[in-house]
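Student: I have a protein open on my screen and would like to go through it. Can we start from the overall picture and work inwards?

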Amino acid sequence: MIRVAPSRLDPANLPTNYDFFLATLGFERRARHIAETFKPQARRLIALGFPDRHELSYVENGVWFVGHGYEVSDVSSDIEFVERLKVILSDVSTESDIVGCVDISSLTRSRMAAIVELCCAGHVKNGASIDFLYSLGAYSPPPDEAAPNTLFGPISPFFAGWTTNPNKPPVAIVGLGYEEGKALGATEYIQADEAWAFIPESPIEAYSPAVLEANKTLLQFLPSRQQIVYRPDDPVDCYHRLESLLYGVEPFGRPIILPFGPKIFSLVALLVCTKYSEASVWRVSAQQNEMPTDRLPSDHVIGVRVTFHRSE
């Protein structure tokens, strides 16, 4: 059995003895913001990219990572990413308590899920911690027309959930973003008997009215008690709010978490689902229909330390 324990982490006071720091070589300018600003100290500095979308800030980011001593390479698939990650984790010192640091700012949700899964599966020692950092993007207006959702399903088999009572109705727990209609469409797709909304109250004030406007149709049908406001810059509090909701929902429903909005909510959802076997985290996207956007970094960097405990 796995128990994860998140705790607060100040990005300005990171350890100086990580075994590894893992960044993402992506097309967003913010992909290198944490590495460039906080200069994490680690025995291995690694930046893994993707086989496609080598555009916008991709080349500039790659030049920066190479020039600052990072092991840089593109990874052709999520399967290859898992294999690379196993090698990285196998190189961790058995004496380390805080073994590594991961920047999730430009990391895909499926790769994030792979990291949490491997840590739960024993690829780090019992009681070891991973630090996760997230650069909140500077505000930019939402797209005029959001691409429709075309991909629906559990983010991975590990986070697909299982139940001994298939007659339990699905309960949608939706993290809201600011793309119009995304959350509503996903909620309707799973035909949930009940829905709960996690509404981000961003430290960047422009986001909140945009989120409420994009989701006004969904929110008008939800009682106020089913609208939970959380702070993206306080992932530990968000974890406890989500964990408390799943504790109340799981006896009578199958929780399906749809993690739109800030990527830190996706991480929190994955962590909470390690505790509740019937809960699942879904990936919902427009796949290749979404236009890449060069997200700039803001001044807000969020940190959370996650300790992985295993009991026999």
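This is a predicted model: local features need pLDDT of at least 70, side-chain atom pairs count only at pLDDT 80 or more; totals for chains, interfaces and linings use all residues.

Student: OK. How many helices and strands are in the protein?

Tutor: The protein has 9 helices and 13 strands.

Student: What share of the residues is buried?

Tutor: Buried residues are 54% of the 312. The protein exposes about 14,000 Å², with 51% of that supplied by carbon and sulfur atoms.

Student: How far apart in sequence are the residues that make contacts?

Tutor: Take the contacts between residues at least 6 apart in sequence: 86% of them join residues at least 24 apart.

Student: Switching to charges. How many positive and negative side chains are there?

Tutor: There are 27 positive and 38 negative side chains, and the centres of the two sets lie 3 Å apart.

Student: Now the inside. Which residues have the most contacts inside the largest nonpolar core?

Tutor: Phe20, Leu242 and Leu258 do, in a core of 84 residues. Helix α9, residues 263-273, gives the most to this core, with 9 residues. Apart from that core lies another one of 18 residues, including Tyr18, Phe27, Leu45 and Tyr58.

Student: Why would nonpolar side chains end up together?

Tutor: In soluble globular proteins, they tend to be buried together.

Student: Back to Leu258. What does Leu258 touch?

Tutor: Leaving out residues up to four places away in sequence, Leu258 touches Ala172, Ile173, Val174, Gly175, Ala186, Thr187, Ile190, Trp282 and Val284.

Student: And α9, is it enclosed or open?

Tutor: Helix α9 is largely enclosed by the rest of the structure, because 11 of its 11 residues are buried. Among them are Lys263 and Ser266, as well as Phe265 and Leu270.

Student: Let's look at Val63. Where does Val63 lie, and is it buried or exposed?

Tutor: Val63 lies in helix α2, which covers residues 58-67. The cut-off for exposed is over 50% relative accessible area. Val63 has 57% relative accessibility, so it counts as exposed.

Student: Last one. What separation is there between Val63 and Val211?

Tutor: Their C-alpha atoms are 35 Å apart, and the two residues are 148 residues apart along the chain.

Note on methods: Residues are numbered from 1 along each chain as its sequence is written. Side-chain values use heavy atoms; hydrogens and water are left out. Helices (H or I, at least four residues) and strands (E, at least two) are DSSP runs, numbered from the N terminus. Buried means under 20% relative accessible area, exposed over 50%, partly exposed in between (1.4 Å probe, protein chains only). Contact means heavy atoms within 4.5 Å. Accessible areas come from the Shrake-Rupley method with a 1.4 Å probe; for residues, only the protein chains shown count as cover. Lys and Arg count as positive and Asp and Glu as negative; His and the chain ends are not counted. The place of a charge is taken as NZ of Lys, CZ of Arg, CG of Asp or CD of Glu. A nonpolar core is a set of buried Ala, Val, Leu, Ile, Met, Phe, Trp, Tyr and Cys residues joined through side-chain atoms within 4.5 Å.
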